[in-house]
Amino acid sequence: MAESYDIIIVGGGSAGCVLAARLSESADLTVCLLEAGGRDWHPFYKMPAGFAKMTKGIGAWGWQTVPQRHMQNRVLNYTQARVIGGGSTVNAQIYTRGNALDYDEWRQIGCDGWGYDDVLPYFRKAEDNDTYNNTYHGQGGPLGVSQPRAPLPICDAYFDAAAELGIPRNHDMTGETQDGVGFYQLTQKHARRSSTSAAYLKPARNRPNLTVKTGVQVRRLIVENHRAVGVELMDGARVMAEQEVILSSGAIGSPRLLMLSGLGPADHLREVGVDVILDQPEIGANLQDHLDLFTISECTGDHTYDKYAKPHWSAVAGLQYLLTKRGPVASSLFETGGFWYAEEGARSPDIQFHLGLGSGIEAGVAKMANPGVTLNSAYLRPRSRGTVRLAGADPAAAPLIDPNYWADPHDREMSIRGLKLAQEILRQDALKPFVKREVLPGPDVQSDEELHDFACANAKTDHHPAGTCRMGPDAAAVVDTRLKFNGISGLRVVDASIMPRLISSNTNAPTIMIAEKAADMIRADHGV
């Protein structure tokens with residue numbers, strides 16, 4: 001006999017853990033959370049610097065993009081979490097929200113209830129901020145949001161170098177204005193990662209109306225008479241939903257499961273051997289992501305955390321963390337950055353920087369023989385749109401991920417401008433005591449074409465996919481503004497895939513906000 005619950009949540013990532021915790025606050029609702037990945041037991045999931053291991057295979061599906069035809073057919077590694085807490089368990093813990101105008105644009109294109117003044121209360125509701133409690137920030141929420149514990153002197157030199165180029169210091173880039181450079185606040189609490197698994201799910205795990213299953217992959221949604229009534233697991237078992245199924249598997253996983261279930265572009269589904277239940281061309285379309293370019297310089301000495309990659313120093317760092325909760329292990333390694341402009345007249349910053357306190361921190365990024373420092377830059381509002389598609393009907397097969405980077409030449413131009421600005425910052429006088437020489441792209445790589453070639457060989461994703469189950473007021477949208485699926489009742493999508501346009505920063509905090517807001521809407525719709 002199949003198990004039955006009021007609500008099934010498919011995907012225990014940043015959004016799914018929030019939904020499970022918030023919806024199970026209502027004793028009248030029985031909630032089941034299904035996560036394909038495992039438990040977040042490993043110490044690397046708890047320690048801030050564990051991020052350095054995440055893009056190298058821990059807790060990830062191991063997927064890649066298809067060859068990027070506008071980037072010399074480059075195939076990029078595409079880290080997607082396979083662990084409870086999802087992206088919040090494997091990311092660099094950067095707490096940013098995008099720009100207020102991002103959300104106002106959502107409202108302007110018809111997504112009523114999603115303007116900045118609509119979503120700000122949900123950002124504040126989520127927060128337990130260790131510094132601010134004001135118009136923009138909250139305290140007492142589940143999510144730890146903290147100032148960095150392990151900055152280095154090179155970070156202050158970076159601020160001074162940016163100032164030499166007219167870029168101001170900003171002490172709160174999620175406050176009144178986004179412009180400038182500064183320390184990012186981090187999703188950490190007491191120098192430990194504050195994933196949604198730790199912050200939301202763990203305190204709720206003992207509720208009698210909440211069931212959490214890890215290591216359980218859903219094969220397909222069960223749809224009867226155009227209503228989602230449950231899910232079928234890989235072993236053939238069924239879990240049924242009395243009220244609704246909520247899909248929270250992320251901007252890659254959610255459209256993938258919908259298409260495996262027969263919901264999506266009919267021609268594509270037939271081509272790969274999936275029976276069509278609903279022809280919905282926009283499922284898996286509208287994929288947007290931030291492409292990350294970087295410059296790496298050799299340092300004049302041990303000014304970053306590179307030496308701690310060696311076994312002896314790694315042990316020293318671990319002991320320091322255990323005793324003081326400071327030092328390299330307490331660092332996300334990217335807690336310094338900022339927002340500035342590539343395009344003249346842009347309505348808000350369109351470039352984001354992340355200062356990496358070392359080299360080779362992420363998979364595919366060069367490791368220097370001597371201590372190095374990395375400055376990443378990403379163009380924030382790409383015009384290019386890609387797709388998520390199925391390789392076949394086998395639910396175990398990796399999806400075809402095509403961000404379609406630089407399909408619009410404007411994205412390439414702005415990305416290269418952002419890279420040049422990053423190079424300029426590291427060349428300023430304020431950083432001369434710390435920076436010996438630029439290694440990548442290198443002083444001989446100067447023309448736009450040469451920088452293009454460098455980027456094609458070295459660029460990486462910023463791990464911010466969005467938009468593949470677009471929210472909108474129109475019939476063509478995948479979900480409506482209450483995140484209900486258009487064309488199938490009893491089904492919602494709640495994750496970054498519903499963003500109509502990618503926001504201008506990291507996507508984890510906005511995904512948590514989406515889930516907080518969705519939980520209120522779901523409770524209201526069910527009268528609880």
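Predicted model: local features only at pLDDT ≥ 70, side-chain atom pairs only at ≥ 80, totals over all residues.

User: How are two packed helices described?

Analyst: By the angle between their axes and the distance between the axes. Here, helix 4 (residues 100–108) and helix 5 (residues 116–126) pack at about 125 degrees, with axes 8 Å apart. Helices (H or I, at least four residues) and strands (E, at least two) are DSSP runs numbered from the N terminus. Axes are lines fitted to C-alpha atoms, for helices over the stretch in contact, and angles run from 0 to 180 degrees between N-to-C directions.

User: What does the angle make helix 4 and helix 5 to each other?

Analyst: Oblique, therefore: under 35 degrees is roughly parallel, over 145 roughly antiparallel, 65 to 115 roughly perpendicular, and the rest oblique.

User: Which residues make the contact?

Analyst: Helix 4 brings Ala-100, Tyr-103, Asp-104 and Arg-107, while helix 5 brings Tyr-116, Asp-117, Asp-118, Val-119 and Phe-123 (contact means heavy atoms within 4.5 Å). Five of these are nonpolar, none polar and four charged. Ala, Val, Leu, Ile, Met, Phe, Trp, Tyr, Cys and Pro count as nonpolar, Asp, Glu, Lys and Arg as charged, and the others, Gly among them, as polar.

User: How do I read pockets and cavities?

Analyst: On a 1 Å grid over the protein atoms alone, a cavity is a set of points where a 1.4 Å probe fits but cannot get out; a pocket is an open set with protein on both sides within 12 Å along at least five of seven lines, and lining residues have an atom within 4 Å of a point. Grid points are joined across faces, edges and corners, and a volume is the space filled by probe spheres set on the points. The largest pocket holds about 520 Å³. Its 23 lining residues include Ala-49, Ala-52, Lys-53, Tyr-308 and Ala-309, the closest to its centre.

User: Which element gives the most to the lining of the largest pocket?

Analyst: Helix 10, with three residues. By class, that lining has 13 nonpolar, six polar and four charged residues.

User: How many cavities does a search of the whole structure find?

Analyst: Five of 30 Å³ or more. The second largest cavity has about 90 Å³, and its 13 lining residues include Asp-289, Leu-291, Pro-382, Tyr-405 and Asp-411, which lie nearest its centre.

Key:
Residues numbered from 1 in each chain as written. Heavy atoms only, no water.
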